[in-house]
Amino acid sequence: QVQLVESGGGLVQAGGSLRLSCAASGGTFSIYTMGWFRQAPGKARESVAAISKSGGNTYLADSVKDRFTISRDNVKNTVYLQMNSLKPEDTAIYYCAAGPRALLNGISGYNIWGQGTQVTVSS
């Protein structure tokens, strides 16, 4: 079973940038579709970005598509979320997730989850 560990969260001012990393271990990374999700206080978890097994296709939610970029390195067994022009409404716990049969759009099919990392964007 693959394990996922997120890192890179923190406190940043509006307009700033953060890069989140999700390191995978204990499995074959390249067989998983990878996704980033976030959950703000009092709100449901939502899909932010996803990337196909080889990295050839990506998905970004409309709310972030002009500002965020998802990428993966199948040699380092790591998926990244580059977040630019951050807004206070981006404040949430960010989770990475993996699914061998997950589609890029949506939350279904992601059966392995990391512990989450807090992103806080101040005004």
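Guide: Happy to. First, a word on naming: helices (H or I, at least four residues) and strands (E, at least two) are DSSP runs, numbered from the N terminus. What you see is a predicted model, where local features need pLDDT of at least 70 and side-chain atom pairs count only at pLDDT 80 or more, while totals for chains, interfaces and linings use all residues. Residues are numbered from 1 along each chain as its sequence is written, and side-chain values use heavy atoms, with hydrogens and water left out.

Let's start with serine 47, which sits in strand E5 (residues 46–51). Serine 47 has a relative accessible area of 15%, so it counts as buried (under 20% relative accessible area; exposed is over 50%, partly exposed in between, using a 1.4 Å probe and protein chains only). Setting aside neighbours within four places in sequence, serine 47 is in contact (heavy atoms within 4.5 Å) with Trp36, Phe37, Tyr59, Ala61 and Gly106.

Now for the charges. Side chains of opposite charge can pair when their charged atoms come close. A salt bridge here is a side-chain nitrogen of Lys or Arg within 4 Å of a carboxyl oxygen of Asp or Glu, and the whole structure has 3 of them.

Take arginine 38, buried at 7% relative accessibility. Arginine 38 pairs with glutamate 46, their closest N and O atoms 2.8 Å apart; glutamate 46 is partly exposed, at 37%. Arginine 38 also forms a salt bridge with aspartate 90, at 2.9 Å from N to O. That pair links distant parts of the chain: arginine 38 is in strand E4 (residues 33–39), and aspartate 90, 52 residues apart from it, is in the loop between strand E8 (78–83) and strand E9 (92–99).

Aspartate 90 is buried too, at 1% relative accessibility, and its side chain meets that of arginine 67 in a salt bridge of 2.7 Å, N to O. Arginine 67 lies in the loop between strand E6 (58–60) and strand E7 (68–73), so this pair ties together parts 23 residues apart in sequence. Arginine 67 is buried, with a relative accessible area of 10%. Through shared partners, the salt bridges join Arg38, Glu46, Arg67 and Asp90 into one network.
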